[in-house]
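Hi there,

Here is the structure I promised to pass on. Please have a look at it first, and then read my notes below.

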Amino acid sequence: MTLASAPATGQSRMIFPVAVRLLVPQNLARSRWGVGPLQWDAGLAAAADGYAAELARTNRWGHSARATRPGQGENLWMGSRGAFSPEQMVASWLSEGGQYRRGVFPFVSRTGSWADVGHFTQIIWRQTTKVGCAIRSNGAWDYLVCRYSPHGNVDGRVAA
């Protein structure tokens, strides 16, 4: 994403640098696996922001109901408030790549459990083309939510 492609509203300009910091490492990982780049999607980012705000407000942890995000995948991250950069947040998902093995989902993990690589496979999922993310905080925690479209981690398909 170039600065020229940044959204034009004042609110989006304020968020844009964090968007780049979240998008670039994901696209670098996709490139390493021979997958085209994700494009930032403002609608997905707004949906992610709504859910991140809910997590921060309720201090609850867990994925949103699939019915509330049809066709969207979701990666979640939570850590001590202010202790991690956006790049470090995404790096935690990307670190799962060390356990990833090419194959048909869900048989894609060297450990035998797809859940050990589920964030990573969503990021590199070949059919996924768009992403939007948001970070929200409360007194103790930062929450990162990324939404992906079309969703990945589909049984019977190859991730990358």
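β2 and β4 run antiparallel and are joined by eight bridges; strands here are DSSP runs (E, at least two residues), as helices are (H or I, at least four), numbered from the N terminus. In this pairing, M78 stands opposite Y143 in β4. Please keep in mind that this is a predicted model: local features need pLDDT of at least 70 and side-chain atom pairs count only at pLDDT 80 or more, while totals for chains, interfaces and linings use all residues. Residues are numbered from 1 along each chain as its sequence is written, and side-chain values use heavy atoms, leaving out hydrogens and water.

On its other pairing, β4 (residues 141–149) runs antiparallel to β3 (residues 130–137), again through eight bridges. G132 has R147 in β4 as its bridge partner, and three residues sit between β3 and β4 in their hairpin.

The whole open sheet has four strands in the order β1-β3-β4-β2, with mixed pairing (two strands pair if DSSP finds at least two bridges between them). Because β1 (39–40) and β2 (73–80) are at the edges with a single partner strand each, one side of each has no neighbour in the sheet.

Helix α2 (residues 42–58) packs on the sheet and touches β1, β2, β3 and β4, where contact means heavy atoms within 4.5 Å. The direction of α2 makes about 30° with that of β3; axes are lines fitted to C-alpha atoms, for helices over the stretch in contact, and angles run from 0 to 180 degrees between N-to-C directions.

Eight of the nine residues of β4 are buried, so this strand is largely enclosed by the rest of the structure (buried means under 20% relative accessible area, with a 1.4 Å probe and protein chains only).

Best wishes

Definitions and conventions: Buried means under 20% relative accessible area, exposed over 50%, partly exposed in between (1.4 Å probe, protein chains only).
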